[in-house]
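Please look over the sequence and the model below before reading on. The report is meant for someone meeting this structure for the first time.

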Amino acid sequence: MDPTSDRTVPVNLRQSGAPRIDMLIGTRVRKSPFWHKSVEHGARAVTVYNRMYHPRLYFSPDEGGLLGEYDYLTRHVTLWNVAVERQIQIKGPDATAFVDFLVTRAMTGDRELAPGKARYVILCNQHGGIVNDPVLLRIAEDEYWLSISDSDVALWAQGVNVDGRFDATVRELDVAPVQLQGPDSAAVLQDAGIADVTSMKFFNLRETTLFGCDVVISKTGFSGEEGFEIYLRNATRDADALWDGLVAAGKPYHLRVIAPNHISRMEAGILSYGQDMDLETTPYEVGLDWQVDLDKRAFVGKAALEEVAARGVTHKLVGLTFGGRQIDWYNADFWPVLDPEMQEEIGYVTSAFHSPGVGANIAFARVPVARATPGQRLLVRTPASVEPLAAETCATPFTMPERGLNRPVGMGGPPKPD
């Protein structure tokens, strides 16, 4: 059985491994305003995200690598360079109408997003495939920002409005975010002069100045921990002032710079675009059907999503737990998932890590709908295992930290009504 036969461009299931290959640092791929700071703090591995270099590891093997970064995140406070999350501005008299046409959730009437609020949203193309899963920030009555994951949202949105039917402009801004994540993140911001930060509600925004820089602060983050995103305006000019100020404010709390932690985001059920979903994935396949409001007026992909909702899907993304060697690095390939009886490939793992919170390896995997309910026995073939490993499907989120305030926005469903 070919688990990718329903795709126009199949997922590459060749097990090519992760050879040690140097990444060329040049001018064709952009450096973010914080790139030099990541280098100063000892970035050890990078990837490319939204055509920018994106740090993915700082801790040495002696410090535990990615698992050491996870431990630090859950106990202290960490600073992340996430400038690759580009900010796409939609601004003009028709900004709200245009945003409502782009996203699958209702954005008008009693569901309209008030200025000073944010919301997790899904963008789909005309076939119902997921273009992006950004956080939408309403900055003003006539201005929204799409804080995007890894795809060309600005080009797509400009194309949707190429006929000028909406009186709104679409452009990328010189705005670069960092994330402050971990139990002591609020204390660091409070010491930096942001008053009443502990009372800030999830998915709320605050425009202010920090270390003399103009910023927007949101109560959000790509982890299951308490945390904030700080969107720096005039980022090319002011990157050093913000970064150095946060590092100094965090010293009493033993702040460390780490990479966005995929162990924590997986435990919290948060999906990663390009790994767990992409342009050939519909929201119904990855537990994001709660994001689709088929009762709203016309939006991009509505007709296709109505058809998918009516006929159902053949595959779904599920949580898996399994044993074997502790997974301490990003999976370089989509690992095969097998039927335990027939030993044939029926699906594949999209993301995997060892979870200290669960005490086992965890994964997201795309499997046939008949195998998608919790408690299903499957097999996973990993590069480190001679024989396939016994695995079991489970509900997500896998776990949530007791002090964590960032609720999952992926397969776990919405954090709360907004």
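What follows describes a predicted model, going from its cores to its helices and then to single residues.

## The largest nonpolar core

The largest nonpolar core of this model has 37 residues, and those with the most contacts inside it are F34, L79, L189, I230, L242 and L246. At least two residues of this core come from each of the helices α2 (65-75), α5 (185-191) and α6 (235-250), and the strands β3 (78-81), β11 (176-181), β13 (213-218) and β14 (227-232) likewise supply at least two each. Helix α6 gives the most to this core, with seven residues.

L242 shows how such a residue is surrounded: when residues up to four places away in sequence are not counted, L242 touches F34, V178, L210, F211, C213, V215, I230 and L232. Apart from this core lies another one, of 28 residues, which includes F202, I263, V286 and L288.

The buried residues in α2 are G65, L66, G68, E69, Y70, Y72, L73 and T74. The elements that cover them include the strands β2 (52-57), β3, β11, β15 (256-257) and β18, together with helix α7 (262-267).

In helix α8 (residues 302-311), the buried residues are K302, A304, L305 and V308. These residues lie on the same side of α8, because they cover an arc of only 160° around the axis. An α-helix has 3.6 residues a turn, so residues three or four places apart point the same way.

On the other side of α8, the residues A303, E307, A310 and R311 are exposed. Among what covers the buried residues of α8 is β6 (123-124). Just after this helix, G312 takes a positive phi of about 85°.

## How α3 and α4 meet

Two packed helices are described by the angle between their axes and the distance between the axes. For helix α3 (residues 95-102) and helix α4 (residues 153-160), the axes come within 11 Å and cross at roughly 105°. The two helices α3 and α4 are therefore roughly perpendicular to each other.

On the side of α3 the contact is made by F98, F101 and L102, while α4 takes part with W156, A157 and V160. The residues of this contact of α3 with α4 divide into six nonpolar, no polar and no charged.

Two residues have a positive phi of about 60° although they are not glycines, namely D196 and Q343. D196 is found in the loop between α5 and β12 (205-210), where D196 is exposed, with a relative accessible area of 52%. Q343 has its place in the loop between β17 (336-338) and β18 (345-355), and at 43% relative accessibility Q343 counts as partly exposed.

A further backbone detail is the peptide bond from T396 to P397, which is cis, with omega near 0°. P397 is found in the segment after β21 (389-394).

## Sequence separation and distance in space

A268 lies in the loop between α7 and α8 and is buried, with a relative accessible area of 0%. A268 and T399 are 131 residues apart in sequence, and their C-alpha atoms are 6.1 Å apart in space. D244, by contrast, lies in helix α6 and is partly exposed, with a relative accessible area of 37%; the C-alpha atoms of D244 and R171, which are 73 residues apart along the chain, are separated by 28 Å.

T4 and L66 are 62 residues apart in sequence and 30 Å apart in space, C-alpha to C-alpha. Leaving aside neighbours within four places in sequence, T4 is in contact with P10, V11, L13 and Y348.

Note on methods:
Residues are numbered from 1 along each chain as its sequence is written. This is a predicted model: local features need pLDDT of at least 70, side-chain atom pairs count only at pLDDT 80 or more; totals for chains, interfaces and linings use all residues. Side-chain values use heavy atoms; hydrogens and water are left out. A nonpolar core is a set of buried Ala, Val, Leu, Ile, Met, Phe, Trp, Tyr and Cys residues joined through side-chain atoms within 4.5 Å. Buried means under 20% relative accessible area, exposed over 50%, partly exposed in between (1.4 Å probe, protein chains only). Helices (H or I, at least four residues) and strands (E, at least two) are DSSP runs, numbered from the N terminus. Contact means heavy atoms within 4.5 Å. The arc is that of the directions from the helix axis to the C-beta atoms. Axes are lines fitted to C-alpha atoms, for helices over the stretch in contact, and angles run from 0 to 180 degrees between N-to-C directions. Angles under 35 degrees count as roughly parallel, over 145 as roughly antiparallel, 65 to 115 as roughly perpendicular and the rest as oblique. Ala, Val, Leu, Ile, Met, Phe, Trp, Tyr, Cys and Pro count as nonpolar, Asp, Glu, Lys and Arg as charged, and the others, Gly among them, as polar.
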